[in-house]
Structure formats: C-alpha cells, structure tokens
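Let's walk through this fold together, starting with its sheet and then turning to the helices. Have the structure open beside you as you read.

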Amino acid sequence: MSLVYHAQAVVIRLLTWLYDLLQLGAVFDAFLKVVMRVTELDVVPDFIIRRGIRLLLKIRLQSMAGSLEQQLERKVAFVQELKCLPVAVQTAAANEQHYEVPTEYFVLVLGRHLKYSSCLYNNPGEGLNEAERNMLALCCARARLADGQSVLELGCGWGSMSLFMAQAFPNSSITAVSNSSTQREFIQRRARDLDVTNLTVITADMVDFQAPSTYDRIVSIEMFEHMKNYAELMRRISTWLKPGGALFVHIFCHKSNPYHFEVKDESDWMARYFFSSVASFALADFETSLAAVKDESDWMARYFFSGGTMPSLDLLLYFQQHLALQQQWWVNGCHYSRTLEAWLVNQDKFRKAIMPIFAQTYGRDAALKWFVYWRLFYLACSELFNYNGGEEWGVGHYLFMKPAAAAASKAA
C-alpha cells in the first residue's frame, strides 16, 4: 500500500506540474479547444460527464468550506455587495440564452404545463406532468391563494403558474410579467385555447418594471435567481402589495453558501470537467491536486445563466426591512434532479425534431454543438441538485407579509 500511495503521489505531482505548466502557454489553450471540439461532437459518454460534474461539485464545496465564523463573514460580505449592485445585471443575455429560444423546443422537452422550474414528485411512479401539477398546487397553497384575489406573478416563463392560478381561481385577477415577447404571445394564445379570461400578460424588464396596480398576492417562481439587489427588489415589491398582502418566492439555492455565476476566463468548464474526470479514473484522490481548478459556474454563466445568483437558503432573510418572513420551507433537491432528468430524456427522445429548431436558432453549423450544450446544462444541474441526496442544493419556499395598515400606522 505504501508503494502504491507514493506512486500515486508522484503521478499527482507530475500531473499538477503539467497542468500548471500548460496554463502558462498556448498549448493549454489548444488542448482546451480540442476537448471542446470533441465534446461538441456528442461522443463523450454521459457517465464521464457526470463523473466530471460531481468532481467539480466537490471542488466547489471545498472552496466554500471553512469555520462557521468564516462562512458567516463571507455571507455578510455577499449581502453587503448585493446591496450595492443594480436590481439585476445582464438581463438581455439571460433572456437570449433561454427565453428567446423557440417555444417549440420547450413544448417538446417540458411537461404539459411547460413548467421551466423544479417539479415535485410525491411518489416514485409519477411522471413529469403529474410532478408539474404537484408543485404548482403546492405553491398555490403555500402562497395562501384564494378565489377573488388580485395576483401578480413576476417572471412567468411560459405561463405554467399564471395559467394554473387563473384556472384554479376563476374569480381572481391574474397579472403575469415576462421579459420575453415570445413568451407573452405564447401565453396569450394558450389562454385563448383554454378559455381563460382573467389573465393579463405584460412584457417588461424587471430592472425598471413598475407594477400598474397593487395586489393581494405577488408570486415569483425561480426569478429571484436572476436578481442581485434584493434590498431594492423587496422594497419595490412592498409598494406593489396591498396592506396585509403577501409575497411567495420559489428559488433554487444552496443550503448555506450564496455565490455569483461568473464568467472568469476562456478556459471553459467543459475542458476542466473532461480533464479532471478522465484523470480521476486513475487517481481516486485526484481532486486534491486540482484545488486551483475553477468551478462549474463559469460555463453555466457563459452559456445559460449570465448575471445569475445562487442564493443560500437564508439569504432572503437578510432583506426584511419592508416585508416580514412568515414561513419558510425546503424542498429536497432530488425533486429538481428528477425534473431535469425527465427534460433530458425528452430532449433525446425528440432529437430529430429538435435539431432543425436549433439549426434555425443557432445556425446549421452550430446545431449539434448547442444540442450538446443543452444536454450538458441538464446533466450539470441534475447532478448538482442530486448531490448529497439533495441536501446540498435544493429549492427554498418563502412567504413574506406586508404589515396591515393598522399595524403599520401604529408602528409609525
């Protein structure tokens, strides 16, 4: 065992030296480009990709490690940084990355409700359609929705929550906000097909959006992750709520450590996963030699989540100056992982129909590359939410209340 250990140590040192050396010259850049090209040909098996993703997640968790005091200091600094930022950044890039891709693609990949966010699997035998409905119904219950309310949804996607609310509460008035014109047109068509008449859809950028009225309830499903300055966002939302009104938020998050999705350099995430995963087959503890490898959020930011934030489960609790938390819940990440695996299955199932859509969207020469990129997106997110049995990354639910008029005046 001693000989094997020393042999591995020597190999690790050599690989580490080689890794550092190549970073200094054009050879490393050339290597990355080769890895990228190989990956884009759709020839790398999923089990290698998944192994690499899990390795990078280990490295990310190592980078977030530290004493409780150190983690708290980082979190407080993160909160202060957010307060100095705009409400959101790079919204145009995020819009282009997801929401202006033709709706036909998402009709093929998502479930019947077109819910582009975590679903909820109440039992092993349920499919994507049932899981979509489960989460939509749970959100309605936790938001304390009732028929006859006025409801504003911020960031409505393809209308899954808005249409569900409009049908479930026919005497309510539902207003949905999307930053995508194609989404608005799709939701309006679907509302007509379903004979829904109590839904209004607005196209607006959340950076400068001003609500046209005040509401009993405001609902946001996986929109806060695209935001930065939660202090200002929560202040604005408070002005859009009636006294005694409530805000329900559904966000994905890490259990304890928030971070930004950032583009750091051109040494792409996919090259790092490929290099580290192949090497780790030979060296079980190879991750210890790759402490300098950058994390998975680099690639995610570049292609799918520009300007995004990974909140911690408690992050929004630092922004209660205008709205007070009433209740908080955690949804295990395995539900999101299973959702993403279902999307991945659908993408592979409808490959022949999807390739022409990508050729139209990204160009004929880039269609295969983007087919691979979307698969990598689903694989990476699935492995993230499945990590540690879904107890590292998952979904946070929050119910915030605006003080009633009498309480507010008494406090004043």
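In what order do the 7 strands form an open sheet? Reading across this predicted model, the order is β3-β2-β1-β4-β5-β9-β8, with mixed pairing. In general, strands of a sheet pair through backbone hydrogen bonds, either parallel or antiparallel. Because β3 (199-203) and β8 (324-331) each have a single partner strand, they stand at the edges, and one side of each is left without a neighbour in the sheet. From one strand to the next, the twist averages 15°.

Strand β9 (residues 393-401) runs antiparallel to β8, and 7 bridges join the two. Here leucine 325 stands opposite phenylalanine 400 in β9.

Helix α7 (residues 128-142) lies across β4 (215-221), β5 (241-254), β8 and β9, and runs at about 30° to β9.

The crossing of α7 past α8 is right-handed. These are the residues that make the contact:

| Helix | Contact residues |
|---|---|
| α7 | Arg133, Leu136, Ala137, Cys139, Cys140 |
| α8 | Ser160, Met161, Phe164, Met165 |

By residue type, the contact of α7 with α8 is made up of 7 nonpolar, 1 polar and 1 charged.

Technical notes
Residues are numbered from 1 along each chain as its sequence is written. This is a predicted model: local features need pLDDT of at least 70, side-chain atom pairs count only at pLDDT 80 or more; totals for chains, interfaces and linings use all residues. Side-chain values use heavy atoms; hydrogens and water are left out. Two strands pair if DSSP finds at least two bridges between them. Helices (H or I, at least four residues) and strands (E, at least two) are DSSP runs, numbered from the N terminus. Axes are lines fitted to C-alpha atoms, for helices over the stretch in contact, and angles run from 0 to 180 degrees between N-to-C directions. Contact means heavy atoms within 4.5 Å. A crossing is left-handed if the near helix is turned anticlockwise from the far one by less than a right angle, and right-handed if clockwise. Ala, Val, Leu, Ile, Met, Phe, Trp, Tyr, Cys and Pro count as nonpolar, Asp, Glu, Lys and Arg as charged, and the others, Gly among them, as polar.
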